[in-house]
Structure formats: structure tokens, C-alpha cells
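Dear colleague,

Please find the structure below, handed over for your records.

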Amino acid sequence: MSDLPITSAFNDGYIAEMYESFLRDPASVDESWRQFFGFARRLAGTTGTTIGAPTADATYLRKVAGAAGLVQAIRQYGHLDVQLDPLGSPPLGAAELKPEFHGITEQDLATIPGAALGFDADATAADAVARLRRLYSSTLGFEFEHIEEEAERDWFRRVIEQGEMRRTMTPEEKKAVLHRLTEVDGLERFLGRAYQGYKRFSIEGTDALVPMIDIAVERAATMGAREVVIGMAHRGRINVLAHVLRKPIATIFGEFEGKHPISNAASDTGDVKYHLGFRTEYEVAGGESVHVMLVPNPSHLEFVDPVVEGVARALQRVRGAAPGTLDPASVLPILVHGDSAFPGEGVVAETFNLSHLRGYTTGGTLHVISNNQVGFTTDPRDARSTYYASDLAKGFEVPIVHVNGDDAEACAAAVWLALAYRERFGKDFLIDLVGYRRHGHNETDEPAYTQPRLYAAIKSHPAPREVWGKRLVEEGVVTAEDVARIDAEVQSAFERVHAQVKAGTANAPDHVPGDQRGATDGEQIETAVKADQLIALNERMLTWPADFHPIAKLARQLERRRAAVGEKGGIDWGHAEALAWASLLVQGVSIRVTGQDTERGTFSHRQAVLHDPETGATYAPLAHIPAAAGAFEIYNSPLSEVAVLGFEYGYSVAAADTLVQWEAQFGDFANVAQPVIDQFIVSDRAKWGQDSALVLLLPHGYEGQGPEHSSARLERFLQLAAENNVRVAYPSTPAQYFHILRRQALAAERRPLVLMQPKSLLRLPVAASHLDDLATGGFRAVIDDPREGVAPDQVRRLVLCTGKIYYDLIAQEPSSQVAIARVEQLYPWPHDAIAALLDRYSAVEDVVWAQEEPKNMGAWTFVAPRLRAAVGNTMPIRYIGRPERASPAEGYASSHNEQQAAIVAAALAAPVAAEAR
């Protein structure tokens, strides 16, 4: 009946005409009319109405149609009539929820049998409508009619209307919620007294969030979950840490006292208490144990969202199964959002967009908007263009339930429904928990300056604990004395712990994340692979099933890889990468690669996934290495950087057995993911003692294509490098790339790796490698001038550079008085290797750093003080490159060629004698 025409537009003649058409040929009218007249026929069977006279029955049929329209309106718009605001502001309402909108009256409903609308035969339409109003417009507001799949909409109608959704709590459950709300409220009140003026970003006003997460963890455990991964911003975080994660109260008090926990961070930087993460084993009823993790998050609010999804995906992997095989029931992701941040931050939409993609799905996430009805000092009318804070989720067909934060039973019912939906359909679910914020944005603010009327209402409104306690007293579940006693016991417990912390006698264990740092970068790692093994792996990657036919042109191109491992060489970038991956897979390391157009490679250099033009089938040779003990996954990502990079970071943190690589389509696209880079990738160890071995592949190099896509902003990563937090390299040969990938995967010390990747060098013959380069040696942080005839004692100028410009320099055949060395690893800075190089060229009078980037970009500002320290006061260090500029590169090829030629000429000019300088 959901598609019936609006009955206010009906007239008797039109109905009669449609009915006559239906009698002649039911297929001649729309399905909605067929449903309607079918109801009318059932109606005739229960009332004895004569259905063969359409004109005489039109008025009655219109009433039935009006009742059907009202029923559908209640299902679709009933949420607009729910009292959601605990502070009492009335619901918006909707004209469609009134019988008059549908051309009928309340009295008319009593004359229509419920059977005519698909309800119980013993009830009238008035009974059915009254029941639906209780279900859809009482304590919970449901939005699911926007979901495309009819099966899902039918499921919601059934579980809501047939009582399959549990909504009645037992007395013991109600008491447990009272106790939990008392603990939640009690902690905030105690902290407010004991640490006045301290920021804590209290949960007060959305206290029900904690028992809701409790219920989610417990029900997930009964559904097979062994892990729950939670992401949230700072509001309410301390309370969630204390009561869901069970972080010791003494430890929390100690942090308020200024006692910083011991961590395995690389420095004493640390982070504020309401950004920290925690892990615990959560014992649920029945004896099951669930591992619960709260992922650390900075003040960037929603940027933890994709990180949580990446962690969850990594934990859901089924070991030993086909690549990409997941057990979604084993891990439940929970994301707690802010009502302003949810519609305001684009990363939320990007994360939702990942939810159904094959490389990113996690089997459904429980989303909760902790709705304060204000953002910092911004009212909803200035924070979003939609009525509900949750409306963004409709675009991703996510079902939504709105709930009044003062109604703990309704909050519990929302969670039960969410988990049942996830179990049935494996999709995301959103709960809009409408509450308020009792204090300002933080406890030092005066919120009445900007929201005086709102905070007057909040000041006079009882806490959720008090509202729930009063309800239970009225129901006879507890007495008023019980409510007071529970509160006193909770406060007394906090007082005891606080006194112990003050006296220094508390048992306040420090949270020490597992030390995953292992050895330092000085460790010796075998990255060379025997030649015969590489040849065998190469052959396997050039083999596909007999019934699979790759595109002929591409097959011919790949065939060149068979000759490239021979005596003549010619291993290019994509080939070396594939060999590195294959060799790691055999060693038991799994590989995950994502990014925009990554399967093929932006520059068509990778071709890791082959396509059959006849059948449309695909085949990834690396996923079918017979001896592989690791799994290979590669996915084209959506056109997103921030969510995808955040996801891969989270995946890398949770999957120590996997080499995780994210490739930017062009290096400058990483700009869009800068918060993930700044807040997670380069500072995770310093702030949270957390480790990742994520690899960033960022195409970089000046080919005269304009300022966009020339620079991956190498300077920014070098500026962020400190305390051994990251590795930054710019390899210049496929062999170097091969070795550094293998070193990254096999190193005991897990640190992110930022690689400047080539474009024009991908197939440059002079840059190609030989099989011996992969079968011997390892990654070299510094590569000396390899030219024959360059005698160290005859060299007067030493040119140091990094990356692509090396090939521009050697193309001009430098004189034997000029040596050109490459710095392949920029951070950690290879001080010893640079010192050894300078010792070798003892007659050098001129040391030059040459780069193609502008002076205020690229590596110069980073390397200059380090080179000066290595050279000492014996000679100056000269810069040769583009001058300082606001834009990375020239917009015209002719200007680029002119500037590039000038840089090369200056770098290779005859050395300036010391006495002439």
C-alpha cells in the first residue's frame, strides 16, 4: 500500500473509472491500484458490501484508501511526532499524520475493518492506527522508508509491528541501568567537585550512551563477536574509558593529578587524557569474553571513523581462507559521532561510502550520534542544512532510529534493533541519541553567553539518572531510598579511590601498550632473494588459467618481463614491485594495496589485475602463487584520500603480518589526507605508543606538466620527521624500490614509510635494474657515483641529489671532476654514509645540493643543516635549484624545460676554485 495515490486528490468518478478498468483487466492498472482493489474485495467478504457497483461504493473505497494512506504516513513520518527532546521542545509534526490530510476522519476509521488494511480481522482501522501511533510516534522515531531494498523495509515493519523487537526490560535489567547511569553521572559530578576548572568534556546529558554501548558489547558477544572496536571524539570519552573500557578510576584520577602514565612512546610527548585509547577484556553474562578497544583520537573529531573501520577489517580476516575472506560477526565496529561534526565533516560521508565496497566493508557499523543539540557555541540552524543531524546517512540508505536520551528503555531497544539488523543484513545502522550538554563546550566555558534560553532549560532539568530513577520508583521497581542509597555508594567509592590517589597508596596501574618497536633501523635485514627463486616467481606471474584470455596487447607487454630477468636486464618499476610482493608472499607476509586506479596503476605500469575482454573475468596472478603463505589483496579505492588513508592506517595498526600500501593517484593528492598524516601516521607513537608500518606511495617528479601533480610535497614529510617516527625515501631504481619494500615488510621496527614514487622513470631504460641487483645486496641509503673513470682524488665538485633529477644530470655526461651521488633515504638521515662519502672525495672543493623543486620546497631546508654538520667549516654548501616560489612548478612546458636545463647546467659547471670564491 506504500505507493497508493494521495487520497485528497481522489474523486468518485475517477475511482469508479479505475475500478471498471481493474474488473476488465487487472493488469491494466498500476500495482498500487491492484493492491487497493484487492483490499476492497477482502472488505466485501467481511462486510457484505456489494463490490459490483463501483459508483455506489466509491465513497467507501475512498475512506479505505484514506485509511491506507494514513497507515503508510505513520510508518514514514511517525518519527516527526515523537517527543525526542528531553528538554521538552515539541516535535515538528507532519500534516500527513492527521486523518484529514487523507480525506477522512477519526470516526471514519472506526467503520473500516482492520482486515481491509492487512491487520487483524477482529480490529478496526481505528484500532490499527492507534497501535501504529504507539509504535511509531511514542518513544522511538524510525526512518527506514528511504531504503531501496523492499525486503529490508518489510523486515522493519515486521519487527516493529509484530513485537519481534524486544522493548520491555526486566526489573533486574532496569536496576542495572539505574546503577550504570548513577556511576556515569556520579563520576562526572565527582570530577566536577574534585577538579574544578579542569577540562573533561563531560558526557552529562547523553549519559545513556554508556549503557547503550554496554548492551551493544553484550549482544554482539551473543552473536559471535570476539572484538569490539570503538571510535569517538572527546565528549564523554573519559566516562566511556572508565565504565565501558574499565580503565582504573585511580589511573584516571592520577591523570587529573598530572601523573602521566608510562608508555612506550618514542618521547614523553604523550596526549591529553580525553584523547587516549585503551584495550580491555570485557566479561559478559554467560561467561563470554570480548576484547574491547577504544581507538585513540585527536581533536579532529570524526577522523577516527575510517581508522576504526580499518582496524575492524583487519581483525575480521579469516586466516588460511581466500584473500578478502572475512568473519563480520567476529568484530563489531562502533562509531560515536557528534551532532555538529556528523553533517559537518566530509570524512563522515567518505567513511559511509566505504561501507559496501568490497575492499572496505566490515559487515555493518553501529553508529550513534551523541546529540547535544549544540556544537561548541553554534546552534543547529547554523551547523547543518537539514532538519535532523542524521540526515546525511539517508543518502547511503542507512536506517535511522531517533531516541530521547532520557528514556533508557527506548535507548536499549534502539541498540537491540540495530544489532538485529546488522546480524540479518550486514549493514550500517544509526541511532540518533537526542540529549543535551549540561556544561559548555568544556567545563571552563559559560554557555549561557551564547545559548541563554537553552541553558536555562538545562539548568532546571534533572539528570538522566534522576529521570530514570523517578520512573522506576513510579513503576515500583525500586524505592526512592534505593535511588539515594545507590548514589551515595557510588560517590563513596569515588571518594575512597580519590583519597588513596592523593595519599599515594592507590593501585593505579599504568596503561602500557604492547611495545612493538623492536630493533632500530640499524638492524640487518636480508632483502636479497635468490635469482632462481625470482625467476620461478616471475614465471608464475606470467601464467594464467587456460580459459582466461587477457587483452592481447597487454599480454605482449607483460611477456617482456620474461626477458627482463635474463642477462640483458630491463626490470622496470612495476616489475620489481611485483617480484618484491611475490617474494614476501612466499615468506608468509600478506600484501594489501589500495588507492585510486591502483590495480592497473595510474601510469599503466602495474597491471596487477588482468581482464578478459571476452568474459569480463579478472585474474590477479599474485593471488595465485602456489607457495604463498601470505594473502594478496589489491583494490581500486573510491575517489577519496582522507577516508581511504585513514582506513589503511587503521588496518596497518591491527595487521602486523601485512605490508599495507596506499598509493596516491598523484603525490599532491595526499594533501587532502593531511589530518590523517599529521594526527595519526607521524605522531601515533609519540602520543599513543601505537605503531604502524603503512607505506605511502606518492608519485613525484617534474616533467613539465604544470604545478599540479609535480610535487608530492616532500618538504612536508621531512618537516614532520623526528624521533624516528617515520621513514622517508626517494629511491631512484627499481632494485632500490624492491629492497626497501622488503625491508619495510621484514623489519622488526614498525614505522610508516613515505616513498616518493617516479613517473617518467617507471620505464626509463637507463633506470632499469638487473636480476643481480635484486638477488644481491640490499637497500642503500646513499649511492655513490657509479661511473667508471671518476677518480675520487680528482673530483673537485660533489653534487648530492635525490630522485629523478639524477637522470637529468647524468644525461649531460658530467666531467670526471664532478661526482654525482644520490641520497636515497632522507629520514632517518644517513649521517654515517654521508660522512664516508665526503671522506672518499677528500679533494672536493665544492659541495652542491641540486634539486628540481623550489628552494622552499623539496629536501633542501631539511638537508642543509645536516650537510653543513657533515662538511664542517671546510667549505660552504651551495644550493642549486629553482628559487623560492609559491607554486611548486611552472605551468608551461617550455618554461619548465628552460628552468630544468639551467639547473642541470649550473650543477655540472666547472668547479669554482676555492681561492676564487
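Helices (H or I, at least four residues) and strands (E, at least two) are DSSP runs, numbered from the N terminus. This is a predicted model, in which local features need pLDDT of at least 70 and side-chain atom pairs count only at pLDDT 80 or more, while totals for chains, interfaces and linings use all residues. Residues are numbered from 1 along each chain as its sequence is written, and side-chain values use heavy atoms, with hydrogens and water left out.

Eight strands form an open sheet of mixed pairing, in the order 1-7-8-6-5-2-4-3; two strands pair if DSSP finds at least two bridges between them. Strand 1 (140–143) and strand 3 (278–283) are at the edges, each with a single partner strand, so one side of each has no neighbour in the sheet. Strand 3 runs antiparallel to strand 4 (residues 289–294), joined by six bridges. Arg 279 has Met 293 in strand 4 as its bridge partner.

Helix 8 (residues 209–222) packs on the sheet, and the strands it touches include strand 2 (227–232) and strand 5 (331–338); contact means heavy atoms within 4.5 Å. Eleven of the 14 residues of helix 8 are buried (under 20% relative accessible area; exposed is over 50%, partly exposed in between; 1.4 Å probe, protein chains only). Among them are Leu 209, Pro 211 and Asp 214. Just after helix 8, Gly 224 adopts a positive phi of about 105 degrees.

Yours sincerely

Note on methods. Axes fitted to C-alpha atoms, helices over the stretch in contact; angles between N-to-C directions.
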